[in-house]
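Try each task before you read its solution.

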Amino acid sequence: MARIVQSMNKGWRFAKTGEVPAALPQGWEQVDLPHTWNAVDGQDGGNDYWRGTAAYVKAFDRPALEPEGRAVLEFLGAAMTAEVWLNGEKLARHEGGYATFRVDVTAVLREENLLCVLVDNSANDRVYPQKADFTFYGGLYRGGNLITVPGSHFELCKDGTPGIKVTPEVDVDSRSARILVETWQAGDEKVTFTLGEEKREALPILGHAQVVFLMENVHLWDGVEDPYLYTVSASLDSGDAVSARFGCRTIAFDSEKGFFLNGRSYPLRGVSRHQDRAGLGNALTEQEHREDIALIREIGANTVRLAHYQHAQEFYDLCDENGLIVWAEIPYITEHMPNGRENTLSQMRELITQCYNHPCIVCWGLSNEITASGGVTEDLLENHRLLAELCHRMDATRPTTMAHAFMLEIESPLIPLSDVASYNLYFGWYLGELEQNDSFFDEYHAKFPKRIMGFSEYGADANPQYQAAAPERGDYSEGYQCVYHEHLLSCIEERPYLWATHVWNMFDFAADGRDEGGKHGVNQKGLVTMDRKLKKDAFYLYKAAWSREPFVHLCGRRYANRAEGETEIKVYSNQPRVTLYVDGKEVGSQEGKRVFRFRVQVSGEHSIRAMAGEWEDSIVIRKVEKADPEYQMEPGGGIVNWFDQGELRPGYFSIQDTYGELMANPKAAALVEKIMARARASRGEVAQSASNNANLQKMMGAMKFQTMLRSAGKAVSQEEIQELNAALQNIAK
């Protein structure tokens with residue numbers, strides 16, 4: 001009997017209840033999988049973000065089984081904790097919302113069966129994630145299957161295993177490889193392994209079988225240039241069979257030269273990705289995964305950080321096929337929970353077990369910004385030691401890594417606990433100046449030249465509605481996002497020792513705690529909007545830097561109404577020469593790299609066209625008397641002129657003073673803290689916990705308070721800022 005996989009995605013009944021019904025409920029919502037109850041919760045125009053326990057119920061007939069055959073339910077993703085009940089009996093509990101898990105249901109099957117899955121995404125102190133800057137969706141959001149197998153079959157249930165494991169050992173110089181293939185199975189039947197035209201047999205020992213294939217003239221899996229994949233299969237005489245795709249490649253990391261693929265320098269330059277989309281939440285289908293891959297490939301990225309949890313197997317498969325190097329990680333994030341240690345270990349076991357065969361994956365991420373709330377404790381360090389040991393025990397071929405919050409001291413004992421590491425830096429957005437990103441890495445590399453360090457997050461929020469003649473930090477304009485990334489791209493290129501760099505983020509994503517930049521419940525640092533319909537101008541900056549596909553792009557197409565008499569027209573292209581035309585007349589031609597700037601007089605409505613060889617792009621701009629209020633963060637208010645300064649009273653405080661100076665005065669500090677508490681609340685739990693970090697407070701101390709207020713969004717109105725300044729002007733220094 002061959003293995004049969006039957007989809008269980010159709011015909012579910014759904015309700016927000018923790019009760020297990022005794023019969024198929026009438027009147028409940030009818031849904032198909034994949035499904036999440038938070039598809040629009042917490043986002044603009046959506047309902048409040050709901051967290052709790054919900055029930056999915058489905059009736060199904062008993063499948064045909066051999067006398068010793070087994071029936072196994074497979075759930076590809078149940079967020080965050082799931083209980084599986086069949087015919088009124090609780091069979092399993094799974095804690096962790098991102099990995100596949102399976103439940104053997106053979107013993108309780110009836111001719112007619114009632115399946116109930118209780119899924120819970122409510123807050124607790126043991127299952128990660130609990131604090132993070134993204135929405136914790138609930139639901140059976142990846143679908144499920146009923147799998148039937150003969151009595152002698154490959155393992156299904158332990159950590160959601162694929163039942164087969166492939167470890168290539170490659171010699172690039174000789175183009176030879178030693179391929180170790182292992183399986184786990186119930187029964188003592190011999191296993192037949194097939195790779196190409198070669199077959200090998202092995203008898204299992206204690207449920208484990210293995211063979212070695214020796215290959216010559218190996219076709220390498222060579223990143224985006226040539227992501228060649230092999231397929232190996234294993235079968236039993238009973239009819240059960242499993243297979244896996246794999247790639248032959250080598251990886252290496254160097255503290256001065258960065259990442260190496262197949263023996264050559266291969267700088268990893270790419271993006272991060274969350275697995276959600278506007279209107280769908282995280283209940284994606286293969287179509288959405290393919291669309292995301294296409295957009296990532298369009299900008300020419302060769303790496304993607306799949307944050308902050310295990311993603312769908314379809315997406316790892318697509319990364320294999322497209323040659324994208326992947327950073328894979330578990331959701332051990334923001335806040336260390338002493339009661340969550342076992343959950344970090346179980347989620348890591350599942351991640352490695354289920355994803356081991358993917359050649360795209362080059363590292364296992366232990367945690368992300370785990371010190372943002374609570375700092376470094378001995379319990380946190382021990383948790384990371386155990387995770388690192390687990391990774392090395394399960395996989396000797398890949399290093400461990402961590403993404404550290406920018407407020408973590410570079411001397412922290414946490415950093416050396418992973419084989420390689422990266423930092424998340426946001427100088428020039430949340431605080432500080434753009435140049436501090438450069439100086440941070442220079443200081444770190446000078447002090448720890450033998451450590452391998454990367455750049456795991458950097459970004460600036462941009463609402464494409466917001467436009468400015470003179471973009472600046474905190475205005476949420478599309479233009480400032482470009483200014484930010486132009487600098488960061490140069491920063492990265494000047495530091496080849498950075499083993500990998502990942503833009504935060506490829507796509508806008510749901511973050512229920514946020515209320516800023518004209519959007520509720522959305523982190524807007526994406527190069528593409530959450531619905532994937534709009535590519536922000538910064539998208540084309542990276543396409544100009546990384547893609548070989550010839551193109552030219554005119555920035556500012558959403559900045560049509562311009563009040564200035566002379567304006568900047570900016571062009572991104574990967575071609576060496578760009579010519580600009582205004583109303584059909586050539587106004588200039590430039591040779592350069594990526595970014596081309598022109599000054600143009602604006603007196604009426606103008607057609608702007610840029611040409612680079614045979615490629616062209618065009619926009620329309622027009623002169624208006626006053627700045628368009630639709631381009632500003634608050635209608636009628638300014639995104640540049642937050643505060644009509646006027647004459648400041650000498651010898652008294654104002655918002656022009658630094659945060660540190662204000663906080664040093666008790667009266668001024670009381671006024672400032674009241675405003676800051678509201679600003680932190682608009683960014684959710686992560687910002688509030690990070691505010692307690694001493695190193696972050698030190699960094700903030702040198703910033704002008706007016707600059708910090710620009711990032712508060714609509715949480716602090718312009719009138720409140722003016723009132724604050726007036727009050728500060730009555731406090732003597």
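**Exercise 1. Is Asp159 buried or exposed, and which side chain of opposite charge is nearest?**

Step 1: Asp159 is buried, and the nearest side chain of opposite charge is that of Arg349, 4.0 Å away. Keep in mind that this is a predicted model.
Step 2: Even so, Asp159 has no salt bridge.
Step 3: Now place the residue: Asp159 sits in the loop between strand 11 (153-154) and strand 12 (164-171).
Step 4: Look around it. Skipping neighbours within four places in sequence, Asp159 touches Arg349, Glu350, Thr353 and Gln354.

**Exercise 2. Work out how many disulfides the model has, using Cys157 and Cys248 as test cases.**

Step 1: The cut-off to apply is a pair of sulfur atoms within 2.5 Å.
Step 2: Take Cys157. Its closest cysteine sulfur belongs to Cys355 and is 18 Å away, so that is too far for a bond.
Step 3: Cys248 is in no disulfide either; the nearest cysteine sulfur is that of Cys360, at 15 Å.
Step 4: The total is zero disulfides.
Step 5: Check the surroundings too. Cys157 is partly exposed, with a relative accessible area of 30%, whereas Cys248 is buried at 0%.

**Exercise 3. Find the residues with the most contacts inside the largest nonpolar core.**

Step 1: Start from the general idea that in soluble globular proteins, nonpolar side chains tend to be buried together.
Step 2: Here the largest nonpolar core has 119 residues, and Met348 and Met506 have the most contacts inside it.
Step 3: Zoom in on Met348. Beyond its neighbours within four places in sequence, Met348 is in contact with Ile330, Trp364, Gly365, Leu366, Leu387, Leu390 and Cys391.
Step 4: Another core, of 27 residues, lies apart from the largest one; Trp12, Trp37, Phe60 and Ala78 are among its members.

**Exercise 4. Trace the open sheet of five strands, then locate Ala610 in strand 41.**

Step 1: Write down the strand order, 36-42-41-38-39, and note that the pairing is mixed.
Step 2: Strand 38 (residues 577-582) runs antiparallel to strand 39, and six bridges join them. Val578 stands opposite Gln590 in strand 39.
Step 3: Find Ala610 in strand 41 (residues 605-612). Ala610 is buried, with a relative accessible area of 0%.
Step 4: List its contacts, leaving out neighbours within four places in sequence: among them are Val552, Leu554, Val571, Val578, Thr579 and Leu580.
Step 5: For a sense of scale, Ala610 and Glu68 are 542 residues apart in sequence and 70 Å apart in space, C-alpha to C-alpha.

**Exercise 5. Which backbone values stand out at Pro34, Met80, Asn87 and Asn262?**

Step 1: Remember that most residues other than glycine have a negative phi, and most peptide bonds are trans.
Step 2: The bond from Leu33 to Pro34 is cis, with omega near 5°; Pro34 lies in the loop between strand 3 (29-31) and strand 4 (53-61).
Step 3: The bond from Ala79 to Met80 is also cis, with omega near 0°. Met80 is in the loop between strand 5 (70-75) and strand 6 (81-86).
Step 4: Asn87 has a positive phi, near 55°, and is buried at 15% relative accessible area.
Step 5: Asn262 has a phi near 55° as well, and counts as buried at 8%.

Conventions
Residues are numbered from 1 along each chain as its sequence is written. This is a predicted model: local features need pLDDT of at least 70, side-chain atom pairs count only at pLDDT 80 or more; totals for chains, interfaces and linings use all residues. Side-chain values use heavy atoms; hydrogens and water are left out. Two strands pair if DSSP finds at least two bridges between them. Helices (H or I, at least four residues) and strands (E, at least two) are DSSP runs, numbered from the N terminus. Buried means under 20% relative accessible area, exposed over 50%, partly exposed in between (1.4 Å probe, protein chains only). Lys and Arg count as positive and Asp and Glu as negative; His and the chain ends are not counted. Contact means heavy atoms within 4.5 Å. A nonpolar core is a set of buried Ala, Val, Leu, Ile, Met, Phe, Trp, Tyr and Cys residues joined through side-chain atoms within 4.5 Å.
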